[in-house]
Amino acid sequence: MSFLGEMLWQALERIASDDGGLAATTWRTLWLALASTSIALAAGLPVGYALGRGASRIRRGGLIVANAGLGLPPVVLGVYLALLLLPGSPLGGLGWTNTLPAIVLAQTLLALPIVVALTAAAVLGLPAGLLDQARALGARGWRLGAFGLREAWVGVVAAALAAFGSAVAEVGAVVIVGGNVRDQTNTLASTVLLDLSAGDPAAATANVLVLLGVIAVLGATFTAVQQRRRH
Amino acid sequence: MDRRPALLTATGLTVGRGGPPLLRGVDLALHPGEIVAVLGPNGVGKSTLLGVLAGLHEAEAGTVARAGSVAAALQAPALAHRTVRANVEAALGWWGVPRRDRAERAGAALRALRAEGLADRPADTLSGGEARRVHLARALAVEADVLLLDEPFAGLDAPTRAALLHDAASALRHPDRATLVVVHDRAEAWALADRLLVLLDGGVAAAGTPGAVLESPPTERVAAFLGFTGRVEEADGRVLRIRPAQVALDDGGPVAGTVRGRIPEEDAVLCEVAVAGGSVWVRAPYPGPAEGAAVRVRIDGGARYP
């Protein structure tokens with residue numbers, strides 16, 4: 001059998017036998033991504049909705065920042081966040097260096113522009129007059145916002161899944177602020193670095209396969225949501 | 001007219017959409033029990049005015065005083081991605097109607113517009129006419145003191161429009177509600193309204209009962225807009241404006257003319273007849289006189305302007 005085939009086979013064996021704490025790493029990865037996505041949604045949906053609603057200069061500026069944030073290199077964020085978390089820095093008092101909360105913070109900050117930009121785009125794409133009509137029938141405040149986001153449902157789900165996907169797959173910032181400590185702060189994606197530097201490509205491949213599985217489930221979920229909406 | 005205090009009073013309104021103002025100095029009062037129709041050419045600012053009255057947009061100048069709740073059905077029948085019933089109930093929720101009362105109120109409003117059969121349909125499967133029915137029912141369901149409707153019959157084919165107009169005429173009538181409806185043509189104003197406002201050239205150009213305004217428009221501009229297509233300058237220098245219905249082809253008629261143009265209609269031909277001092281339009285039974293034919297007409301009515 002070729003080298004690649006051999007490696008793939010070994011990787012599948014390791015997945016089946018839960019070798020090297022693979023299940024624990026998977027759960028850790030999913031929990032971290034779920035936490036950071038939830039925080040990013042809680043903060044980003046209202047902001048994205050507000051940016052998608054109006055055309056004032058402040059809102060346009062916000063959109064520019066959010067859209068630019070989509071291209072923010074995670075490594076840049078990771079470096080400056082790690083510096084902020086060092087003892088003696090503004091956030092040093094938290095004692096988060098090389099901890100899971102630091103990873104959640106980094107993933108949240110990376111997911112936030114995704115949620116804001118995609119939500120704003122979805123709200124901008126609502127049929128003309130839909131929200132004005134709701135206002136003309138008394139909808140105000142959070143009720144109006146909830147209605148708008150519900151109508152922009154497909155876009156909002158896309159934002160949530162894209163945020164989750166970015167959190168799951170993120171390596172740079174996660175390694176810098178979390179330290180990539182095996183069995184403590186490693187994720188599926190960051191474990192690949194550990195396995196490769198330990199000369200164990202089969203273990204790396206096992207992590208990659210699980211990661212791809214998670215991404216495939218996300219893709220399938222989004223497709224199902226899209227299809228359900230098309231009567 | 002009902003002389004209870006007005007439910008909505010606009011004073012000196014100037015409205016626009018960012019550019020130069022569309023309407024200036026509009027005064028308007030809506031009283032309980034009355035239906036006011038607003039008629040005007042495209043782009044005159046009818047929808048913008050309605051948006052300001054509804055509180056959706058700010059006026060550039062002037063004030064709107066509301067002595068009751070105001071609901072509006074905007075021009076596009078914007079319905080959410082849910083069933084018809086859920087759409088109406090959602091509006092009742094925005095309006096603050098308790099959850100336990102919503103189903104009954106929604107049902108009653110849908111019945112009033114004979115749309116109860118649509119209640120369980122997803123809104124995005126409705127035809128244009130059905131969507132307009134539901135759109136109207138939803139606005140009625142909240143039972144606002146003031147109801148503002150923006151072209152509720154726009155974009156419908158003739159039979160659908162006639163049916164909805166018929167149902168709306170009775171559903172809209174309420175002794176305590178003031179209704180303002182932007183209409184697309186004179187027939188809708190006739191069918192619905194106690195009062196008619198004509199918006200033209202940036203302001204209210206005519207106001208009164210539909211009968212008074214449509215029979216004798218206050219100015220020649222208003223007359224031309226309201227279908228007084230014939231125009232004849234008389235010997236004394238005054239201008240006579242005439243609707244086609246006020247002109248008949250008559251071999252013994254007093255006015256001689258020549259057919260200048262023909263517009264075939266469903267079962268008649270609308271003919272433009274050149275006469276001394278101008279031209280008149282007259283509806284002739286099909287096939288009607290040929291272009292260039294010498295005819296005689298009788299003019300019965302019209303409105304004169306200095």
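Select strand E10 (residues 230-233) and strand E15 (residues 278-285) of chain B: they pair in the antiparallel sense over two bridges. Strands here are DSSP runs (E, at least two residues; helices are H or I, at least four), numbered from the N terminus, and two strands count as paired if DSSP finds at least two bridges between them. Pick Arg231(B) next; its bridge partner in E15(B) is Ser279(B).

This is a predicted model, in which local features need pLDDT of at least 70 and side-chain atom pairs count only at pLDDT 80 or more, while totals for chains, interfaces and linings use all residues. Residues are numbered from 1 along each chain as its sequence is written, and chains are lettered from A and ligands numbered from 1 in the order in which they are written.

Stay on Ser279(B): Ala274(B) stands opposite this residue. E14(B) and E15(B) form a hairpin with two residues between them. In the turn, select Gly277(B), which has a positive phi of about 90°.

Eight strands of chain B form an open sheet in the order E12-E16-E13-E14-E15-E10-E11-E17, with antiparallel pairing. Strand E12 (247-249) and strand E17 (303-305) of chain B stand at the edges with a single partner strand each, so one side of each is left without a neighbour in the sheet. Neighbouring strands are turned by 40° against each other on average, direction ignored. Within the sheet, select strand E13 (residues 255-264) and strand E16 (residues 294-299) of chain B, an antiparallel pair with four bridges. Val255(B) has Val297(B) as its bridge partner in E16(B).

Move to helix H2 (residues 84-95) and helix H4 (residues 128-141) of chain B. These helices pack at an angle of about 30°, with their axes 9 Å apart; axes are lines fitted to C-alpha atoms over the stretch in contact, and angles run from 0 to 180 degrees between N-to-C directions. H2(B) and H4(B) are therefore roughly parallel (angles under 35 degrees). To see the contact (C-beta atoms, placed from the backbone, within 7 Å), select residues including Val88(B) and Leu92(B) of H2(B) and Val134(B) and Arg138(B) of H4(B).

Finally, display both chains. Their contact takes 16 residues from chain A and 19 residues from chain B. On the chain A side, helix H6 (130-136) and helix H7 (141-151) each supply at least two residues. H6(A) gives the largest share, six residues.

How values were computed. Angles under 35 degrees count as roughly parallel, over 145 as roughly antiparallel, 65 to 115 as roughly perpendicular and the rest as oblique. Two residues are in contact if their C-beta atoms, placed from the backbone, lie within 7 Å.
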